[in-house]
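Keep the model open as you read.

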Amino acid sequence: MAETLRGVGVSHGVAIGQVRHMGTAVLEPPAQQTPTAEAPREQARARQAVEAVAADLQARGNLAGGEAQAVLEAQSLMAMDPELMADVERRITVGSTAERAVYDAFASYRALLANAGEYLAGRVADLDDVRNRIVARLMGVPMPGVPDSDEPYVLFARDLAPADTALLDPALVLGFVTEEGGPTSHSAILARALGVPAVVAFAGATGMAEGVVVAVDGSTGEVLVDPSAEEQARLRAVAAERKAALAASSGPGQTSDGRLVPLLANIGGPADVPAAVAAGAEGIGLFRTEFLFLNQHSLNQHSLNQHSLNEHRLEQHGSEGLSSKPPSEESQVEAYRAVLEAFPEGRVVVRVLDAGADKPLEFLSPGDEPNPALGVRGLRSLLEHPEVLQTQLRALARAAAGLPVYLEVMAPMVADRIDARAFADACRTAGLGAKFGAMVEIPSAALRARSILEEVEFLSLGTNDLAQYTFAADRQVGALARLQDPWQPALLDLVASAAEAARGAGKSCGVCGEAAADPVLACVLTGLGVTSLSMGAASIPYVRATLAKYTFAQCERAAAAARATDTAEEARKAANQVLSGE
């Protein structure tokens, strides 16, 4: 029987094929000194290499188009950052070769990113790729990239850079497995956009033997090593069944006995709307408004490549300016209205600016905090800068004026009733004619949801942060992956607590975290009493098809079975057994 290993499934589908490994460039050039007289020549070499790599990334983006184009354009901006180039030239002036100067300059910024929280740390792979391409060009060695092969294969790598992922040929690359990365990494997001099955955070990916046959299930995160013919046939049958169910699925999200569970989309701005509409989203469950606020600041301000922050959704609006001031009320009205107009008669849930910690803003975030993740972020930051919050709320009110849309506005990082009341008061002061709610991302909010609902009209569970704060486990630390699993029974208990409070108050309680994108877990969440599910657009058809297979009573039994266990693995297994009728 095949050995079954597990990572994190981030892109649905099944891939069966031989393992091939990603080629890499020489990472560290020799440290040797050059005469002062050679400095101008070395500086010219460095500039030429940087410009060539930036142009190549831009060209790859033009070829790829769509979401991948925005990612690669952001990488091109990384390469051409003037402060980084100034650092390279300074190092050459004191005796470094061009390639060593590039390597060392990038290393200093890499360290900043790696310690700057999830969003920025998630861009380290992008920075490494830019560095490797520049150094490879300077040293005359092959660029990093996918292997040459005439036969289809499953790609294994430490991580995949956007330049590689964006131009993968699905006819040759059946799927991929990476040792690093997470659900919000570029490789995961682009894999979903390409429709390529993918598993990330897979320990030992780089050590997998070349040529061995593996079966990768991007839905469950399972990787079967050397599966038998029978196991391969079973997985192909499962994949065919999922595909057939997708084709037959349409309409609103609901269980087989007609209990409605609206399926909404998570977006970062107007550019994400077409995909949400195409997937049949019934509205927007999480509109992250940071895209309009997070502009590209200096690398020395820990904000490298802000165009790729927030799941790289900044795109057109993120490049409007490089000011350290908040966007004007008028520019906000324009962006918000573009989203609201796309969902007439639909529900659009907007999260006000969630800044601080791993998403610092010069005009908003404290300059120095011992532990920013536990400091002044989200609503706490907005309440210290009420003018920023009031401007955003006024812009939302103006954007929704006259439109047949159900606007709801929620605050991030609400800890208790005092926070909820402060946000509700701010909404009333701004004259916002919309429902106002609270995100449940802190355990205290789940435990005291009943009192919070005395102040607001709905709850939305951000399961990513809720897991991080419940288990004191940073989402970027791979060694803590088991504590970040949304199937953890303790996390399900908190979801149940919040949902029960909302039900008792006659109010809604949705989920807008990564947990909603797992089709089986979506059934469990429904059974816990969650009233809507919001996810990346690509996951909506899978969740819709799976939810339609089961009654609400089955979902309730699966939820109870999952909560009765002690580990995420046991919870997942128990829920599947209930739903499969075992």
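Two strands pair if DSSP finds at least two bridges between them; strands are DSSP runs (E, at least two residues), helices likewise (H or I, at least four), numbered from the N terminus. The model is predicted: local features need pLDDT of at least 70, and side-chain atom pairs count only at pLDDT 80 or more, while totals for chains, interfaces and linings use all residues. Residues are numbered from 1 along each chain as its sequence is written, and side-chain values use heavy atoms, without hydrogens and water.

Start with the barrel. Eight strands close it in the order 9-10-11-12-13-14-15-16, with parallel pairing. Strand 9 (residues 263-267) joins strand 10 (residues 283-288) over three bridges, in the parallel sense. Here A265 stands opposite I284.

Now the core. A nonpolar core is a set of buried Ala, Val, Leu, Ile, Met, Phe, Trp, Tyr and Cys residues joined through side-chain atoms within 4.5 Å; buried means under 20% relative accessible area (1.4 Å probe, protein chains only). The largest core has 101 residues, and L459 and L533 touch the most other members. Helix 20 (residues 489-505) gives the largest share, nine residues.

Follow helix 20 to helix 21 (residues 519-528). Their axes, lines fitted to C-alpha atoms over the stretch in contact, come within 9 Å and cross at roughly 45°. In contact (heavy atoms within 4.5 Å), L492, V495, A496, A499 and R503 of helix 20 meet L521, V524, L525 and L528 of helix 21.

Conventions
Buried means under 20% relative accessible area, exposed over 50%, partly exposed in between (1.4 Å probe, protein chains only). Axes are lines fitted to C-alpha atoms, for helices over the stretch in contact, and angles run from 0 to 180 degrees between N-to-C directions.
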